[in-house]
Amino acid sequence: MTAVAGASPAAHRSSKAKRRRSPTLTVIMLVMFGYAVLPLFWLLANASKSGGDLFSTFGLWFGGDFHLFANIGETLRYNDGIFVRWFGNTVLYSVVGAGGAALLATIGGYALAKYDFPGRKLLFAVVLGGISIPGTALAVPTYLLFSRIGIVDTPWAVLIPSLCSPFGLYLMRVYAADAVPDSILESARIDGASEFRIFRTIALRLLAPGFVTVLLFALVATWNNYFLPLIVLNTPTWFPLTVGLNQWNAQANSGTSGAGDATYSLILTGSLLSIVPLIIAFLALQRFWQSGLATGSVKQ
Amino acid sequence: MTAPAVRAGLPRPFLRLRVAGYAFFLPFFVVFLVAVVAPLAYAIYLSFFQDRMIGGTVFSGLANYTRAISDALFGAGLLRVALFLVVQVPVMLLIALGCALAIDSGRLRWPSLFRITIFMPYAVPAVVSALMWGYIYGDQFGLVGQIGDALGVAAPNLMSRSWMLGSIGNMVTWEFVGYNMIILYAALRAIPEELYEAAEMDGAGAIRIAWSVKLPALRPALLVATIFSIIGSFQLFNEPNILQTLAPAVITTSYTPNMYAYSLAFNGQQINYSAAVAVVLGLVTVVVAYAVQILTARREKTL
C-alpha cells in the first residue's frame with residue numbers, strides 16, 4: 001500500500017529532475033546542513049578529548065589524542081555505574097511508555113475510524129482538545145494528583161502519563177480510515193471472525209506504517225521527557241538520562257572547581273551516548289515515519 | 001450459512017459492532033482520563049483553595065485567579081514568552097518553509113541528505129540540546145569565545161540578560177526547524193501532479209508555481225505547525241530550566257510562566273496558587289491558538 005502511494009510522487013519527481021540544478025540553492029542548503037550538524041560534531045569532538053584538551057584546544061576539532069573510548073569507560077563506571085542505571089531507566093520508560101502509547105492509540109484510532117457507536121464524535125472532539133494541552137502544562141497538576149494518590153517517586157508516575165498520546169490517536173484515526181477498507185472487514189465478518197480477531201490478524205497489519213510513526217514520535221517524547229520525571233522523581237536510581245545529565249551539570253557548576261572540570265567530560269560523553277539510539281532509530285525507520293507524517297499533516 | 005445471521009435481525013450485528021467499538025476505544029480513554037482529565041480537574045479544584053496560617057486550607061473562590069492576573073512576575077513571564085513567540089516562531093517557520101520548498105524543487109543536489117540531516121536535531125533531547133548550546137555559548141570551553149579569540153574580536157556574552165532570549169530562540173529553532181520542514185515537505189509531496197501540469201501549461205515559472213500552487217496547498221500544514229509552535233512557546237520550560245544552572249543571575253525562577261508555576265509548587269510550597277497559574281497559562285495558550293485558527297479561517301474566506 002505504501003509502495004503504491006510512494007511510487008507516483010517518485011515518478012513525478014523524476015520528470016522534474018530534468019530541470020537544471022541550482023548551485024545557489026545547494027549552497028544555501030549547505031549552510032543549513034552546517035547549522036544542523038556542526039553542534040553535533042562539536043559534541044562528538046569534545047566528548048573525544050581528554051580533560052586538559054577540552055579547555056585548551058579549539059572546539060570544532062579533535063584534541064591531541066583520541067580519548068572517546070576512555071571517556072565512555074569513565075562515564076559508565078562513574079559513581080558505581082549510575083549512568084548505566086539511568087540509561088536502563090530511559091529504555092524502560094521509553095519501551096513501555098511509547099510502545100503502550102502507540103498500541104492504545106492504534107486500537108483507539110481504529111475504533112473511531114471503523115466503528116459507529118453513539119458518542120464517537122464527541123469523544124474524538126474531547127481527545128482533539130487534549131492535543132492542545134501539552135505535557136509540560138500537565139506536569140505540575142500531575143505531580144499534585146500523583147502525590148495525593150501516593151505514586152510519586154515510583155516508575156508509575158513517569159509511565160502512566162507516557163501511555164497517553166492524543167496526537168497518536170488523531171493520526172491513527174486519520175490513517176485507519178483509508179488504510180483499512182470496509183469491504184475487507186465485511187467479508188471477514190461474513191466468514192464469522194470475531195471483531196478482536198479481525199483487528200489482530202487483518203487490521204493491525206494494514207495499520208503497521210501508521211503504528212511505527214506513532215511509536216517513533218512517542219519514543220522521542222518519552223526518551224526526551226524531562227519536566228515530568230524532574231518533578232515526580234526524587235530518587236536518583238529512578239532518574240532517566242535527561243534528569244541525570246542535568247544533575248551532573250548542576251554538580252559541575254556548583255562552584256567547587258577541579259571536581260567540576262572532570263564532570264564536564266562525563267556530561268559531554270553522556271550526552272553523546274544518550275542521542276545515539278534515537279538517531280539510529282530514525283535513520284533505520286525513515287521510510288515509515290515519512291509516509292506516516294504525510295498522512296497526518298495532509299488530511300485535515 | 002449466511003441466512004441465519006441475516007434472520008437473527010438487524011439489532012444483533014449492530015450491537016456487536018457498538019460493543020466492539022467501545023471495547024477498542026476504552027483502554028485509550030481510561031489512560032486519557034487518568035493522564036489528562038484527572039490532573040486538569042484536580043488542578044482546577046485546587047486553584048479555588050488557599051492555605052492560611054490560621055484555619056488551614058479554605059475555599060477562597062477566585063482569589064488565586066485575581067492574584068495571578070495582577071502578579072507582576074507572572075505577567076513579565078507571559079510577556080517574555082509572547083515576545084519569544086512573535087520573533088522565534090515566524091523565523092523558524094520561514095526557514096522550514098524555505099527548506100521544504102528547496103528540497104521539493106528538484107533543483108537541489110543531494111535532497112534526501114539535506115532532508116535527513118536537517119531533521120536530525122529533532123531526535124536530540126531538549127536537555128542535551130540546552131547543555132550543548134549552553135556550553136558552546138559559555139565562557140569555560142565555549143566555541144563562541146574561541147571563535148572570537150581567533151578573529152581577535154570580543155565575542156558577545158550570549159548568556160547575558162540582553163542576549164538570553166535570542167540564545168534560547170536559537171536552541172529551539174535548531175531543535176524544531178527540521179521537524180516543521182518534514183511536515184511541510186510531506187504536504188508538498190501530496191500536491192496532485194495535474195496541478196503542476198495545468199500551471200506549466202499556463203506558462204507559469206518555478207517561482208510562480210511555488211507562489212500560486214504550492215503555498216496555497218501548504219496552508220493547512222502551516223496552520224498545524226503554527227499552532228504547535230504557539231503552544232510550545234507558551235509552555236517553554238526545558239531550555240531555560242537547564243540554562244538556569246549556567247546563568248543563574250539572568251534566568252530567574254519566574255523567567256517563563258511554566259518555570260514560575262514549577263517554583264511556586266516546589267520551592268515556595270504554594271500549591272494552590274501554582275495550580276491557578278498553570279490553569280491561567282493553559283487558558284491563555286488555548287485562547288491564542290484558537291484565535292490564530294479563527295483569524296486564518298476568516299482570511300481564507302475573504303480571499
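This is a predicted model: local features need pLDDT of at least 70, side-chain atom pairs count only at pLDDT 80 or more; totals for chains, interfaces and linings use all residues.
**View 1. Overall make-up of chain A.** Chain A is built from 15 helices and 0 strands. It has 300 residues, of which 44% count as buried.

**View 2. The contact between chain A and chain B.** Chain A puts 83 residues into this contact and chain B puts in 80 residues. On the side of chain A that touches chain B, helix 2 (residues 23-47) gives the most, with 11 residues. Sorted by class, that side of chain A holds 56 nonpolar residues, 20 polar residues and 7 charged residues.

**View 3. Helix 2 of chain A.** This helix has 25 residues and spans 35 Å from its first C-alpha to its last, close to the 36 Å expected at 1.5 Å a residue. At A:Val37 helix 2 of chain A bends by about 35°, and a proline, A:Pro39, follows within four residues. A:Pro39 is itself one of the buried residues of the helix.

View 4. Domain 1 of chain B covers 3-38, and domain 2 covers 72-302. Taken over C-alpha atoms, the centres of domain 1 of chain B and domain 2 of chain B are 40 Å apart.

**View 5. The largest nonpolar core.** The largest nonpolar core has 168 residues, and those with the most contacts inside it are A:Tyr110, B:Met181, B:Leu184 and B:Val277. Helix 8 (residues 164-189) of chain B supplies the largest share of this core, 16 residues. Domain 1 (3-38) and domain 2 (72-302) of chain B each contribute at least three residues to this core.

**View 6. Surroundings of B:Met181.** B:Met181 is among the residues with the most contacts inside the largest nonpolar core. Apart from its neighbours within four places in sequence, B:Met181 is in contact with B:Ala96, B:Cys99, B:Ala100, B:Ile118 and B:Phe119.

**View 7. Helix 4 of chain B.** Helix 4 (residues 72-104) of chain B has 33 residues. From its first C-alpha to its last, helix 4 of chain B reaches 47 Å, close to the 48 Å expected at 1.5 Å a residue. Helix 4 of chain B bends by about 25° at B:Leu85. After helix 4 of chain B comes B:Gly106, with a positive phi near 75°.

Methods: Residues are numbered from 1 along each chain as its sequence is written. Chains are lettered from A and ligands numbered from 1 in the order in which they are written. Two residues are in contact if their C-beta atoms, placed from the backbone, lie within 7 Å. Helices (H or I, at least four residues) and strands (E, at least two) are DSSP runs, numbered from the N terminus. Ala, Val, Leu, Ile, Met, Phe, Trp, Tyr, Cys and Pro count as nonpolar, Asp, Glu, Lys and Arg as charged, and the others, Gly among them, as polar. A residue is buried if 20 or more other C-beta atoms lie within 10 Å of its own, exposed if 12 or fewer, and partly exposed in between; C-beta atoms are placed from the backbone. Domain bounds come from an automatic or database domain assignment. A nonpolar core is a set of buried Ala, Val, Leu, Ile, Met, Phe, Trp, Tyr and Cys residues joined through C-beta atoms within 7 Å. The expected span of a helix is 1.5 Å times one less than its number of residues. The bend at a residue is the angle between axes fitted to the seven residues ending there and the seven starting there.
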